[in-house]
Amino acid sequence: MTHTRADYPLAETQPGAVTGKHGKALPEITLDAVLAGEVTMEDLRITPQALQAQADVARDVGRPTLALNFERGAELVEVPQDFIMQVYELLRPGRAKSKEELLGAAATMRDTYQAERIARFIEEAAETYAARGLFTFRF
Amino acid sequence: MVPKLNRWKRFADWDERPLRLDKFAAEDPANGFSAFSSPADPKPGIGITGGRVVSLDGVLEHDYDMIDRFIARHHIDPEVAPEAMALDSATVARWLVDMNVPRETLVRLAHGMTPAKLAEVVAQLNALEIAFAYSKMRARKTPGNQAHVTNAKDDPLQLAADAATAVAFGFDEIETTMRVSRNAWSNAVACAVGGAVGRWGTLFQCSSEEAEELRIAMAGFTSYAETVSVYGTEKSFTDGDDTPWSKAFLAAAYASRGVKMRCTSGAGSELLMGFHEAKSLLYLEARCLCLQRGMGVQGTQNGGIDGAPLTATIPGGVRELMAENLIAVWLDLECASGNDARSTESEIRVGAKILPYLIAGSDLICSGMGSILKYDNSFNPSLINGEELEDYLVLQRDFEADGGLTPLPESRAIELRERAVEAIAAVFEELGLSSPTEDMKTSVVYASGSDDTRSLMPRDVSFISEAIKERGITVIDVVKALANRGFREEAENLLNVVKLRLSGDYLQTSAMIRNGRIVSAVNDPNDYLGPGSGYRVSEERRLQLNDIRDVLDQKEVLRSEALHEKDEARHIRYRNLGPAANGSAKEDVVIGISPAFGLKLYRTTAGHRLSEVLGAMLNAIRARGLKARVVRFRHTADTSFLGLSAARLAGSGIGIGIQAKGTAVIHQRDRQPHNNLELFSNAPITRLEHYRALGANAAAYALGEMPEPIVVPQRGEAMGSRYHARVALIYAIETGLTEAGAAPEEVDITLTGAKS
């Protein structure tokens, strides 16, 4: 289902449907649950579904680029932190020494994490960096 | 002989003003010193073929640099562009200030506009029009504000106390950074805990190295990021060690962790970095802002930022800062509108800089305001700092404008600071990080800045910080520690902030938390369509804004007078002798006192006892061998009429009129009421010696002499601002006792001479 501005804010309109990574819903994440050791950081992680819902809302209120960012974000939810930081590093100027390095990262995003939008985004960067000579060595 | 000088001394006076510490730069477009336009700026233009942007502001696709390419692919909406770019810029400029043209119409058009077009449109507006258009175009209706919370020692106790104070002042966001970068984790925990004291919902960021900042956010301590910088030229961008794609990737990464984020850009950064391409500041900034919309970030920290001081040296620079903020909100971005760097040493320029934002409102008026003292600000001093924060509170009250802050009573501030210091100390103890002593804690609670503290030093903090990082301590551990040590409310508050990231509601444009609820451009959109619409200060909010400290009212004035009543009773006795007679002797000088003089009011505004003032005048008159009488008038409280009435009763034709607040006049029978002999209008600086001289001069006039008029020297004190509220209240007490036609009363004065 597609969310609209009428669903916003999700935490107020449908708190029970807002869950963390392990399915624990907002109302269940209480201080007592934390003290009982029932809440981990993973329970406090946003889900791809919530990001998609926010993307729907953003699109509904006329913010298509914001929606796309949420959708790229949704694809990165499952990507491990280290790999995210590795790809970020690779995207910085002069880190990748060739287009292929970036294309490799794009392929991993696509194949391992089903991050299609992110993969295309990295490919676009690779193409741009090649055109603008960004694969040069920086001392 | 008076020597001739080689300069007008006024210039020497001006040399001493703080303003002269500011340096000003000549307009020089070729070297990048141009605010609004440069010969190197391109003319607006776009080419679209088959839904693809094939030329942008005169650059063909083949020649696009990274920024052109990103804007062409991700910002420009090819459906809207032909229509938007064909519009006459002057017409669009008029629409921006036309309250009948809705915001949404203009936002849609911006999706199809190139940087040169956006810049060309806003450049047509004068400063007032820019402020008005900003007020109409900003995304969220309710204005907000952000604070810097840092200190020179990275002392976590002080960070917690200052964070709690900032939260209580009403800041919607607090931002910290470190003197020593490895102290980031300690700063993060300290501000997260301090920010959870008193209420929940203040968003918090810890500005540090990109990767570290994201890790700290992942551990749950921070709730947003904003130092993701973008630049308007390719060379600046790569020197900043990023590209539009790396930054956009980072934006998606923040979204994937449920952490709010905005970018940063501002005029002058390219100029500072040496790659300005001879373009105007506004054009380069328009590129930055189109980039940011294209990246899909919800907002921007914009308006000079670190480049604001440089921008302010250029003609029109301050107007340019406003113009770039207008482009930001026109592009539908949340705008944390700068006003953070101290762009001048002149307090007048500071006040002038902030005013348009205060009255127009902004998502975050400052990004941020120094809630701490200037020397404690690890970002560098802000436009407005802890020293001047009260001035800002008063500006809110003056203009009935909501600048996002609420006055904080001193006792409440102390209470919150104690609580915050105890809370962070408890967390550190519970987690085995540090055991702050009672002296440390106490020194912080009452400290205005880190010069006053005897607390943790940067090296101590590094051990704490590295332990937090290495042990993988998360916000869950801190929440538990708080609750286990009795800080249950703070634990709940902190948990609530972390829970925000589950729904992602606060990732939407211009989101903040008010009273435990999300307020963003989605559910609180700016709906300005003229007077009566858009954000209005409610009566409840107006009363909050008004509630600054030390406000005078009549009760307060009477209370302070009552304190003096007993004291005066020991110095003087007034005895009413009945109706005053006309004097006939040439030696007769009359002192006319006002209705409340010595009856309800006991001191002049300069603080002199009325008994001493009367004594000084009486003695001076008698010293010349004349006779002085005191007469109370009740038909008037006006100085001139008191004096004239006294003169008419006096055998010498000379009278003195004096009000309880100390304002006095020497008058002469047969003169017009307001054409007196001498007037002593500045009571707050009139000393006893002046009253003595006044008496002596009155005597001299009575003896037919022509004395030198008494000059009460003043040094340009803003007498009105210091005293008029009190004077008006006092004078109302005087006029309240007047009675039409009441006859003058002879008063016998006994000075008992008691010494205090």
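A pocket is an open set of grid points with protein on both sides within 12 Å along at least five of seven lines, and its lining residues have an atom within 4 Å of a point. The structure described here is a predicted model. In this model, the second largest pocket is lined by 27 residues. Nearest the centre of this pocket are T406(B), R514(B), N515(B), R541(B) and Q544(B). The space in the second largest pocket amounts to about 720 Å³. Classified by residue type, the lining of the second largest pocket contains 10 charged, nine polar and eight nonpolar residues.

The largest pocket has a volume of about 860 Å³. Its lining is formed by 28 residues, and those nearest the centre are T165(B), F169(B), L408(B), E410(B) and A413(B). Three helices of chain B, namely helix 8 (156-169), helix 18 (389-399) and helix 19 (410-430), each supply at least two residues of this lining. In the largest pocket, 15 lining residues are nonpolar, seven are charged and six are polar.

Chain B contains 29 helices and 20 strands, and 60% of its 756 residues count as buried. The C-alpha trace of chain B spans about 105 × 65 × 60 Å along its principal axes. Among contacts in chain B between residues at least 6 apart in sequence, 77% join residues at least 24 apart. Chain B is divided into two domains, with domain 1 covering residues 146-546 and domain 2 covering residues 554-751. Taken over C-alpha atoms, the centres of domain 1 and domain 2 of chain B are separated by 56 Å.

Rolling a probe the size of a water molecule over the atoms shows where empty space is left. The count comes to five cavities of 30 Å³ or more. The largest cavity holds about 140 Å³ of space. It is lined by 19 residues, of which A192(B), T202(B), F204(B), L494(B) and V497(B) are the closest to its centre. Helix 9 (184-194), strand 6 (203-206) and helix 23 (488-503) of chain B each supply at least two residues of this lining. The largest share, five residues, comes from helix 23 of chain B. By class, the lining of the largest cavity comprises 11 nonpolar residues, seven polar residues and one charged residue.

The second largest cavity holds about 80 Å³ of space. Of its 13 lining residues, N69(A), F70(A), A251(B), V259(B) and M261(B) are the closest to its centre. At least two residues of the lining come from each of helix 4 (64-76) of chain A, helix 12 (244-256) of chain B and strand 8 (260-265) of chain B. Nine of the residues lining the second largest cavity are nonpolar, three are polar and one is charged.

R287(B) is located in helix 14 (residues 281-295) of chain B. R287(B) counts as buried because its relative accessibility is 4%, and buried means under 20% relative accessible area. A polar atom of the R287(B) side chain lies 2.8 Å from the backbone oxygen of G232(B). Apart from neighbours within four places in sequence, the residues in contact with R287(B) are D65(B), I67(B), D68(B), I71(B), P115(B) and G232(B).

S378(B) is placed in the loop between strand 11 (369-370) and helix 18 of chain B. With a relative accessibility of 18%, S378(B) also counts as buried, as the cut-off is under 20%. The side chains of S378(B) and R179(B) are joined by a polar contact of 3.2 Å. When neighbours within four places in sequence are left aside, S378(B) is in contact with T150(B), N151(B), T177(B), M178(B) and R179(B). S378(B) and N151(B) are 227 residues apart in sequence, and their C-alpha atoms are 6.4 Å apart in space.

Methods:
Residues numbered from 1 in each chain as written. Chains lettered and ligands numbered in written order. Predicted model: local features only at pLDDT ≥ 70, side-chain atom pairs only at ≥ 80, totals over all residues. Heavy atoms only, no water. 1 Å grid on protein atoms, 1.4 Å probe; cavity = no way out; pocket = protein on both sides within 12 Å on 5 of 7 lines; lining within 4 Å. Points joined across faces, edges and corners; volume = space filled by probe spheres on them. Helix = DSSP H or I, 4+ residues; strand = E, 2+ residues; numbered from the N terminus. Nonpolar A, V, L, I, M, F, W, Y, C, P; charged D, E, K, R; others polar. Domains from an automatic or database assignment. Buried < 20%, exposed > 50% of the residue type's maximum accessible area, 1.4 Å probe, protein only. Polar contact = N/O pair within 3.5 Å; in protein donor to acceptor, adjacent residues only side chain to side chain. Contact = heavy atoms within 4.5 Å.
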